2 protein chains.
Amino acid sequence: MKKIRIAVLGYHGCMPTQLFGIADVLRIAADIAQTPDIQVQVHTVALGDGEVNLAGGIGIKLKRPRGQFDVLVIPGMETSRAVRWPARLARLTPEINYIQQAFSRGTQLASICVGAFLLGEAGLLDGRTATTAWLFARNLAERYPHSRINADAMLVEDSGVITTGAVSSTFDLALHLAQRYYGAAVAATTARAALLQHQRASQAPFIDVSMYAPAEPSFSLSVSRWLEKRIAEPYDLARLAQAFHVSPRTMLRRVKQETAETPLGLLQRARVEKAKQLLLKTNLSVGRITAAVGYQDQVSFGRLFAQAIGNTPTAFRRQFRTMQIPHAR
Amino acid sequence: MKKIRIAVLGYHGCMPTQLFGIADVLRIAADIAQTPDIQVQVHTVALGDGEVNLAGGIGIKLKRPRGQFDVLVIPGMETSRAVRWPARLARLTPEINYIQQAFSRGTQLASICVGAFLLGEAGLLDGRTATTAWLFARNLAERYPHSRINADAMLVEDSGVITTGAVSSTFDLALHLAQRYYGAAVAATTARAALLQHQRASQAPFIDVSMYAPAEPSFSLSVSRWLEKRIAEPYDLARLAQAFHVSPRTMLRRVKQETAETPLGLLQRARVEKAKQLLLKTNLSVGRITAAVGYQDQVSFGRLFAQAIGNTPTAFRRQFRTMQIPHAR
């Protein structure tokens, strides 16, 4: 019989649903799989004396980790937009050291939500692509500049390190592990039993840029603001450069330097964001919204939107506004 | 300042994500709402000495409930298709009595997943419409025949009693409460921060009838089987009645008695289920699938499907098969 040992690492302030969600879903998967040849054990553990105060204030006593694990899962902690990361992470030094040791002994790592900051602190995001809760992706990218942070992704696996998106990506990780150990059919059935969508690929439909803390003033931010004010007008690099008293070449270089994008890329991003707001908060037709964000052609804009969000404007609106109430039995 | 007191009732075998999920999401909502005039407290409590063994085997010490609560939430327990409900519920007599007393003192009740069985045992589903995890809806309906069980619903509120669907409907309940106490905008923002879909209306897209335990042989089940074998053929009541050696009138009466449906209703349900399987597991076009389940006209079938599932066949396929990977930043 093949035995898989997964540890979930509890620590002061970690969120209970993230601490327990992996085990809860994997038990449902095991019940569905009924595979006597494979046993997936989830150990919920903590360092020190094992006493942990969960986010929300409840204390719990967990076992210390013993032996070698196949996967070590780092749940996220409760946080807010005003969190001071250095102070917050300094208190988690023993956990960060344990993560480093586990990885060097061949354990695969997986973080949920802002659990990614512990991996970053352990130096394990350097040179890797990673994600985290979209609301904290900028903080992660600033703090670990040698990592490539993809705020849109729901789950990224890169050279032994899995990172996942915000809170409920706990379940995306659980289904990912269920698929790995029990196969796609069991993972899909587990998802149906738990009312979860299997293989969600993207946090992008959920991102609300208005929730980001105000960024430091920067050249590219000023460019973005200027473009947002003229969102319905055609893109004109020469006019933009003139407005900022630089050559088009300098405009392209400086924006690229700060954002790895072109000004047109910034404009397109702003157009998609504006369209998301209008799709959710108004009853304007997709045609009207297309025009409102400066596109002539609904098909081209639909393509841009789908590329950014993973869904057409119509499907996005259908999915994220109130669902239709189904016919009662 | 308005203070709202919500209690979540822990007990032996309850699922941790359901025990803690409400509080976790409501803390995010409170952080977003920043309303000094309203305070929503979530108390995670247990009866007796407060020692509870959670599903998965971890013990935890919770406080005893004290005072009057606005809402009492009953999480679901770990279970399997082979569960023996009478024995399982007999062990929860103190909790069931406490639920009855709380309701009689004016506390609103809310169950998650199979937590509905505790409400049923307390007599509080009688005369009410309710839901539970779709996989256990038949058990609930059999055990509490004076309740109307709607297996399709994600959340039902009826005269002071909220019931919700399977495991992850924990979060639908949490968002429902966030909306009630903080308003729709805060609930929507909370959903985005946690990557949850707000106001999911239906479990129907997740239901997989092949997972139900085999039902007792019954007249209507035989009728369903006969119809399923001829799913692509036009509905013909006279021919159906003849095959079962009864009059059309008797056919209608007996099926109605057992299922509260017509034979055509059973056939339409079977057609929708078959279409769901084909949408998920084949690449057949919606037109081909429409024909395969016996409909001439894609538009009419699309309407039937949307009425049952809350989504068009195309949107259902898009949402529940692997999502498109969005364009990387």
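Axes are lines fitted to C-alpha atoms, for helices over the stretch in contact, and angles run from 0 to 180 degrees between N-to-C directions. The views below come from a predicted model.

**View 1. An open sheet of 6 strands in chain A.** The strand order is E2-E1-E5-E6-E10-E9, with mixed pairing. Strand E2 (38-46) and strand E9 (155-158) of chain A form the edges. Each of these edge strands pairs on one side only. On average, neighbouring strands of the sheet are turned by 15 degrees against each other, direction ignored.

**View 2. Strands E6 and E10 of chain A, joined by 3 bridges.** E6 covers residues 108-111, and E10 covers residues 161-164. The two strands run parallel. A:Ala110 stands opposite A:Ile162 of E10(A).

**View 3. Helix H3 (residues 93-104) of chain A on the sheet.** H3 packs there by touching strand E1 (2-10), strand E5 (71-74), E6 and E10 of chain A. The direction of H3 makes about 155 degrees with that of E5(A).

**View 4. Helices H11 and H13 of chain A, crossing at roughly 90 degrees.** H11 spans residues 263-281, and H13 spans residues 298-309. Their axes come within 10 Å. Angles of 65 to 115 degrees count as roughly perpendicular, so H11(A) is roughly perpendicular to H13(A).

**View 5. The residues between H11(A) and H13(A).** H11(A) contributes A:Gln268, A:Arg271, A:Val272, A:Ala275, A:Lys276 and A:Leu279. From H13(A) come A:Phe301, A:Leu304, A:Phe305, A:Ala308 and A:Ile309. The residues of this contact divide into 8 nonpolar, 1 polar and 2 charged.

Notes
Residues numbered from 1 in each chain as written. Chains lettered and ligands numbered in written order. Predicted model: local features only at pLDDT ≥ 70, side-chain atom pairs only at ≥ 80, totals over all residues. Heavy atoms only, no water. Pairing = 2+ DSSP bridges. Helix = DSSP H or I, 4+ residues; strand = E, 2+ residues; numbered from the N terminus. Contact = heavy atoms within 4.5 Å. Parallel < 35°, antiparallel > 145°, perpendicular 65-115°, else oblique. Nonpolar A, V, L, I, M, F, W, Y, C, P; charged D, E, K, R; others polar.
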